[in-house]
Amino acid sequence: VDRTLAQLRHYPGGITYIHCPGWTASRIVASARQLHAKGLCDVAIVDYLQKVTLAYRHGQNKADALGDCAESFKIAGEQMGVAWVVGSQFNRAAEYAERKTGTFIRGSGEPHEKANLVLTLDREICDAERRDEHNHVIAAVGERAPEMTVRVDKNTGGPTGDAQLIMNAARFLILDATTETAPLNF
C-alpha cells in the first residue's frame, strides 16, 4: 500500500486512493459519495469485485450477492453522474477459452447482467522475451505481453467489438495499436 501511495503522489492527475479491503459495496459507495461532494471523485475504480465483502440478504446465494454489489455501483454512478469501473477476475474456464468474454466473470453471470458496459482485457503470456528497439527486455518469458486485446463484450449504449492496444504497465501508458506506431518502450 505504501508503495502504491508513493507512486500516486507523483501522478499529475490528482488521484485519491482509498485502501478498503474487506469493505462492503455500501461502504465503498458512501466513501465515493463523500469524495464526490467535495469535488474529489470524477470516476470511481474498484479493484476488484471479488474483494468486496458481500452483504447477503436472507436466502441469497453468492451469485445474487455479487449482482447486488454490481447494481450498487451502477446506481451510485448514475446518481452521482460519474463512471464506475469495477475490475473482476475471470473464472478458471476462461484459461482454456480462445475468446474471453464477460460470461467468464468469476462468481456468476450476475455482474455481467447488471453492467451497462463490459470490457475484457486479454494479454497473452510470453513464450519468448520481448525486447524494444534498444534491446531492453520489456517482457520476460512467463510475463504478460505488452499487446492487449480489449473486447467490448456488452454495451447498452453503443457498439461492441475488439480493439488492439499496446500497454507499458510501468508507466501506465496505453496506445491504440492500430493508429499508433509507438515503440514498445513508449
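Mentor: Before we start, helices and strands here are DSSP runs, numbered from the N terminus. Also keep in mind that this is a predicted model.
Trainee: Good to know. Where is tyrosine 48 found?
Mentor: Tyrosine 48 sits in the loop that runs between β1 (43–46) and α3.
Trainee: And what kind of peptide bond joins aspartate 47 and tyrosine 48?
Mentor: That one is a cis peptide bond, with omega at about 10°.
Trainee: Let's switch to helices. How do α2 and α3 lie relative to each other, roughly parallel or roughly perpendicular?
Mentor: The axes of α2 (25–37) and α3 (residues 62–80) cross at roughly 15°. Angles under 35 degrees count as roughly parallel, so α2 and α3 are roughly parallel to each other. Their axes come within 9 Å.
Trainee: Is the crossing right-handed or left-handed?
Mentor: α2 passes α3 in a right-handed crossing.
Trainee: Now the surface. Which residues make the nonpolar patch?
Mentor: Tyr11, Ile15 and Tyr17 make a nonpolar surface patch of about 300 Å². Tyrosine 17 belongs to the loop between α1 (2–9) and α2.
Trainee: Why does tyrosine 17 count as partly exposed?
Mentor: Because its relative accessibility is 33%, and partly exposed covers the range between under 20% for buried and over 50% for exposed.
Trainee: Last one: what is the phi of asparagine 135?
Mentor: Asparagine 135 has a positive phi of about 70°, although it is not a glycine. You'll find asparagine 135 in the loop between β4 (130–131) and β5 (137–139), and at 49% relative accessibility it counts as partly exposed.

Terms used: Residues are numbered from 1 along each chain as its sequence is written. This is a predicted model: local features need pLDDT of at least 70, side-chain atom pairs count only at pLDDT 80 or more; totals for chains, interfaces and linings use all residues. Side-chain values use heavy atoms; hydrogens and water are left out. Patches are made of residues with over 30% relative accessible area and no salt bridge: like charges are joined within 9 Å, nonpolar side chains (Val, Leu, Ile, Met, Phe, Trp, Tyr) within 5 Å. Accessible areas come from the Shrake-Rupley method with a 1.4 Å probe; for residues, only the protein chains shown count as cover. A salt bridge is a side-chain nitrogen of Lys or Arg within 4 Å of a carboxyl oxygen of Asp or Glu. Helices (H or I, at least four residues) and strands (E, at least two) are DSSP runs, numbered from the N terminus. Buried means under 20% relative accessible area, exposed over 50%, partly exposed in between (1.4 Å probe, protein chains only). Axes are lines fitted to C-alpha atoms, for helices over the stretch in contact, and angles run from 0 to 180 degrees between N-to-C directions. Angles under 35 degrees count as roughly parallel, over 145 as roughly antiparallel, 65 to 115 as roughly perpendicular and the rest as oblique. A crossing is left-handed if the near helix is turned anticlockwise from the far one by less than a right angle, and right-handed if clockwise.
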